[in-house]
Amino acid sequence: MRIILLGPPGAGKGTQAQFISKEYDIPQISTGDMLRAAIKEGSELGKKAKDIMNAGGLVSDDLIINLVKERIAKPDCVNGCILDGFPRTIPQAQALADADVAIDHVIEISVPDDEIVSRLSGRRQHPGSGRVYHVDHNPPKVEGIDDVTGEALIQREDDQEATIRDRLSTYHEQTSALVGFYQDKAKEGDDAPNYDKFDGTQGIDDVKQQILSALKG
């Protein structure tokens, strides 16, 4: 079963991907991890990607597609995989389809922008250990202080509201168009991927059960 997860940053895709991965014994594949692995292995595609990145260039969609095809041919993907963070744009999705990479299920986790901002901007981190708190959902015992070391917590730049709004704007400009693309694909017949949308404002376990139920259906 090959699955694509869609949704804005902070919607809970990573958490749900872990549940799906465990349930079906399939790997979660991100483009970043895939690029790093290919470069480390020294494959032909990895060498090409390394040269482009060392020169400060952007890795082309064609190269990414070929990396995806190379990655999903590995033994751990025999039962399928979860594509996390790819495709991000319509051209990437079309290139994936043109390369005959079959997708079985597309899952969208929908969360309103204001809820995303609340979730992410409330995070606080202890730089030394990486421990993460949330001012509302998982506060430290003393505001702004790490429970273990007593050291000050920080708000990462990625978690500041202006940065989050910028990331959401990019998502809506580029990736949200994929919703319509895959909804249309789902109407094309027996070989088309199934498409399901879930309310990501529900509890984590509720979303998990609904997704697993849809996948089994």
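In the predicted model described here, strand E1 (residues 2-6) and strand E4 (residues 105-110) pair in the parallel sense over 4 bridges, two strands being taken as paired if DSSP finds at least two bridges between them. Within this pairing, Leu6 has Glu108 of E4 as its bridge partner. Helices (H or I, at least four residues) and strands (E, at least two) are DSSP runs, numbered from the N terminus. Residues are numbered from 1 along each chain as its sequence is written, and side-chain values use heavy atoms, with hydrogens and water left out. Because the model is predicted, local features need pLDDT of at least 70 and side-chain atom pairs count only at pLDDT 80 or more, whereas totals for chains, interfaces and linings use all residues.

The open sheet is formed by 5 strands in the order E2-E3-E1-E4-E7, with parallel pairing. Its edge strands, each pairing on one side only, are E2 and strand E7 (194-199), and the twist averages 25 degrees from one strand to the next. Helix H2 lies across E2 and E3 and runs at about 80 degrees to E2; axes are lines fitted to C-alpha atoms, for helices over the stretch in contact, and angles run from 0 to 180 degrees between N-to-C directions.

H2 also packs against helix H3 (residues 44-54), at an angle of about 110 degrees and with the axes 7 Å apart. The two helices, H2 and H3, are therefore roughly perpendicular to each other, a term applied to angles of 65 to 115 degrees, while those under 35 count as roughly parallel, those over 145 as roughly antiparallel and the rest as oblique. Leu35, Ala38 and Ile39 of H2 meet Gly46, Ala49, Lys50 and Met53 of H3 in this contact, contact meaning heavy atoms within 4.5 Å. By class, the contact of H2 with H3 has 5 nonpolar, 1 polar and 1 charged residues (Ala, Val, Leu, Ile, Met, Phe, Trp, Tyr, Cys and Pro count as nonpolar, Asp, Glu, Lys and Arg as charged, and the others, Gly among them, as polar).

The structure holds 2 cavities of 30 Å³ or more. On a 1 Å grid over the protein atoms alone, a cavity is a set of points where a 1.4 Å probe fits but cannot get out, and a pocket is an open set with protein on both sides within 12 Å along at least five of seven lines; lining residues have an atom within 4 Å of a point. Grid points are joined across faces, edges and corners, and a volume is the space filled by probe spheres set on the points.

The largest pocket has a volume of about 570 Å³; of its 20 lining residues, Gly10, Ala11, Gly12, Thr15 and Arg119 lie nearest its centre. H6 gives the most to this lining, with 3 residues. For the second largest pocket, the volume is about 430 Å³, and among the 24 lining residues Gly7, Pro9, Lys13, Gly85 and Arg88 lie nearest the centre. H7 gives the most to the lining of the second largest pocket, with 5 residues.
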